[in-house]
Amino acid sequence: MTTTTPAPTTATAAVGTPERTGLTSAGLITVLLGAALPIIDFFIVNVALPTIDADLRASTATLELVVAGYGIAYAVLLVLGGRLGDTFGRRRLFLLGLTLFTLTSLACGVAPDAATLVIARMAQGAASAMLLPQVLSIIQAGTSGERRSRAIGLFGATGGIATVVGQLLGGALVAANVWDLSWRPIFLVNVPIGIIGLLIARRTVPDSRASNPLGVDRWGTVLLAVSLLSLLIPIMEGRALGWPWWSIALLVLFPFAAVGFARVERKLEAAGGTPLLPPALLRTASVRHGLTVAVPFFCAFGSFMFVYAVTLQNGLHLGPLGAGLALTPMAVAYFTTSLVSSHLVARFGRKIVPIGGLILTVGLLALAGTALLDWPDLSIWQLAPAMVLIGVGNGLAMSTLFRVVLSRVPADLAGVGGGVLTTTQQTSLALGVAVLGSLFASLSVPGAMGYQGAFVLVIGILAVLALLVSGLARKLPDPR
């Protein structure tokens, strides 16, 4: 799911010849822990948003930044993190990323106000971008043969497990109100886990680096960041603040930054460098069609997680633990489906993505219908059937989409291709929260449509996006 499930190709280990050393079972568990923490944090935050709102008196627009700010920082710095690991050593960057993630989690947990929390969350996203790309690189460099296949399978399963743990743990911690700290333990719990992980990693994680590491696309990274921030911040904050001058100025800046980014990438590629988002790679049919599917898919997923979590607590008053339990059927269904998706792809090929999109459409329509018929007396059990369908649809489409997109990418660009896909994934997640989250916020207030009307409308829009994904996915190449 999410956004937040790490793609098995985000690392850049496939580029260059790594210096190989053995990865023990303890080392594998340690790096998988490093992969799980950021995903757990994504889902913990979704469940805790209404409690954060009540405690810090944050606007819905600010809550959107708490979610999207993490994704923006992660998306912008992901490829950079992988390339730094190739150059300076993956173990070193893993330790640095885990250290920074632990420190930024502490900063989130003690944040005195909403603005500080947003800044700390963006810093946490940047730390994740240093941490996550190293995980698969370390696995690829330290394993081979059947052991590597098992390790990569565990790496993929980590995302599903972390999703379930994040939702249940988040709901439980907020509901328990440990030491009267409200939502803060969802971040503070990372501190002892991070410290233990660091102590173990120093002894168990081997080092490796690429013999011919790719250079860092400095201007591309800066211009991508400017492009994303100049688009997403005004969309999220502009309406709530009455469209101040700076929000208009940022929107005016966006097309210039985007064009500048495209020109820098083309120029760097023509000069023989490797851009952050290589234009030649984007012209590859599987990548081009795959990203066309990925943008609406991840926009829909990011906005769904935000809108559903807020509706469960503010609209249905289920509480944080109830919200976590209500999300669990989707997470379990996603995890189970993702485990068998590779076997289904081997038999049915690219058809799995449009089938997943159709199942997702049915699940979203069922959820909207349930909300229309039974509001406000919706129970977790009434929501569960639709959530199972949504989880199955996501599990089929998302897992297969990564495989299809990268199926025709040259081997020497596999790491770069994974970076492009995951950057698109995180950007689309943030964009979905910004656009449809803002729409939901504007319509759910008293005097407008209210929570029921706003929820049903947004879920209906997401069903249309899911149907669009199913249609677009028919042009994907066969990955078999």
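Biologist: Let's start with Phe-256: which helix is Phe-256 found in?

Modeller: Keep in mind that this is a predicted model. Phe-256 belongs to helix H9.

Biologist: Which element gives the most residues to the nonpolar patch on the surface?

Modeller: The patch includes Trp-219, Trp-243 and Phe-256, and its residues together have about 870 Å² of accessible area. Two elements give two or more residues to it, helix H8 (218-237) and helix H9 (245-270). The top contributor, with five residues, is H9.

Biologist: Are helices H11 and H16 roughly parallel or antiparallel?

Modeller: The axes of H11 (residues 285-315) and H16 (residues 450-472) come within 9 Å and cross at roughly 160°. Angles over 145 degrees count as roughly antiparallel. Therefore H11 is, relative to H16, roughly antiparallel.

Biologist: Which residues does the cis peptide bond join?

Modeller: Look in the loop between helix H13 (352-374) and helix H14 (380-405), where Pro-376 sits. The omega of the bond is about 0°, and its partners are Trp-375 and Pro-376.

Biologist: What is the phi of Asp-180?

Modeller: Asp-180 lies in the loop between helix H5 (145-176) and helix H6 (185-188). Although Asp-180 is not a glycine, its phi is positive, at about 60°.

Conventions. Residues numbered from 1 in each chain as written. Predicted model: local features only at pLDDT ≥ 70, side-chain atom pairs only at ≥ 80, totals over all residues. Heavy atoms only, no water. Axes fitted to C-alpha atoms, helices over the stretch in contact; angles between N-to-C directions. Helix = DSSP H or I, 4+ residues; strand = E, 2+ residues; numbered from the N terminus. Parallel < 35°, antiparallel > 145°, perpendicular 65-115°, else oblique. Patch = residues over 30% accessible without salt bridge, like charges linked within 9 Å, V, L, I, M, F, W, Y side chains within 5 Å. Areas by Shrake-Rupley, 256 points an atom, 1.4 Å probe, with all protein chains shown as cover. Salt bridge = Lys/Arg side-chain N within 4 Å of Asp/Glu carboxyl O.
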